[in-house]
Amino acid sequence: MAEKQGHLNGAYYGPAVPPKQNSYLRPGRGGGCACGCGCCLLKLIFNLVLTVVVTVGLLALLFWLIFRPNLVKFHVTDAELTQFNFTATNTLNYDLKFNLTIRNPNRRIGIYYDRIEVRPIYGGQRLASEYLTPFYQGHKNTTTLGAEFQGQQLVVLGTSEQSDFSSEQAAGVYDIDMKLYLRVRFKLGKIKTFHIKPRVKCGLKVPLSSSGSAAAAFQTEKCEIDWRIFR
């Protein structure tokens, strides 16, 4: 017979539990960023930029839904030359008149034209400069402005420009640019914006009148607008 097992002193608790080992967590494992603090900073910056972009986008959408802005339109509806000739000393004698219409198609936006400078340009050279009277343009309004330039200006033309002048002189129609340098503010309800400085360029083909008749009728020209805010 198998020997009888002796009586056990004390309670039996089973096999010994191995001691808990200290776990070492390397940076980047478990929680936190995988690339360290630099990654966390980049992620924070990205989230901030994204928040700003979304906020600006929502504000722009809200602005558009409320005010429905439309671009202002500039047209030269009439222009006339009664004198345009060179002297032997490269002095250009000119007498130019033009009418400009400005259309504000907006229903909720008014415009303050605080400065309107007009410059006629020929052969890439400025003939003169004139400041028109500032004004406020209301909603859905069309305003007509007029200006006249008369005088003499030294204009030195290169070979190409001289050839162009000869061709224009034969046709009785001259290519003249009209540039406007503006300083404007917008009025939205009771709020007035800061100044912006758009530039307007009108490429014109102006007929030379002689004894009240012109070689060709002037055709209305639409102007190009550069709405850059900061200059």
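User: What makes the charged end of Arg119 count as sitting over the ring of Tyr181?

Analyst: The charged end of Arg119 lies 4.2 Å from the centre of the Tyr181 ring. The rule asks for NZ of Lys or CZ of Arg within 6 Å of the ring centre and within 35 degrees of the ring normal. Arg119 therefore counts as sitting over Tyr181. The charged end of Arg185 also sits over a ring, that of Tyr112, 4.7 Å from its centre.

This is a predicted model: local features need pLDDT of at least 70, side-chain atom pairs count only at pLDDT 80 or more, and totals for chains, interfaces and linings use all residues. Residues are numbered from 1 along each chain as its sequence is written, and side-chain values use heavy atoms, leaving out hydrogens and water.

User: How many aromatic pairs does a search of the whole structure find?

Analyst: The search finds 8. One of them joins Phe84 and Tyr174.

User: Why is the pair of Phe84 and Tyr174 called tilted?

Analyst: Rings of Phe, Tyr and Trp (its six-membered ring) pair if their centres lie within 6.5 Å; planes under 30 degrees apart are stacked, over 60 edge-to-face, the rest tilted. Here the centres are 4.7 Å apart and the planes 55° apart. So the pair is tilted.

User: What does the pair tie together?

Analyst: Phe84 is in strand β1 (residues 73-86) and Tyr174 in strand β8 (residues 173-188), so the pair ties together parts 90 residues apart in sequence. Strands are DSSP runs of E, at least two residues, and helices are runs of H or I, at least four, numbered from the N terminus.

User: Which cluster holds Phe84 and Tyr174?

Analyst: Phe84, Phe86, Tyr122, Phe165 and Tyr174 form one aromatic cluster.

User: Why is Tyr112 called buried, and what does Tyr136 count as?

Analyst: Buried means under 20% relative accessible area, exposed over 50%, partly exposed in between (1.4 Å probe, protein chains only). Tyr112 has 17%, so Tyr112 is buried. Tyr136 has 36%, so Tyr136 is partly exposed.

User: What makes Asn106 buried, and which side chain does Asn106 contact?

Analyst: Asn106 has a relative accessible area of 3%, so Asn106 is buried. Asn106 lies in the loop between β2 (91-104) and β3. The Asn106 side chain makes a polar contact with the Asn104 side chain at 2.9 Å. A polar contact is a pair of N or O atoms within 3.5 Å; within protein, one must be able to donate a hydrogen and the other to accept it, and residues adjacent in sequence count only if both atoms are side-chain atoms.
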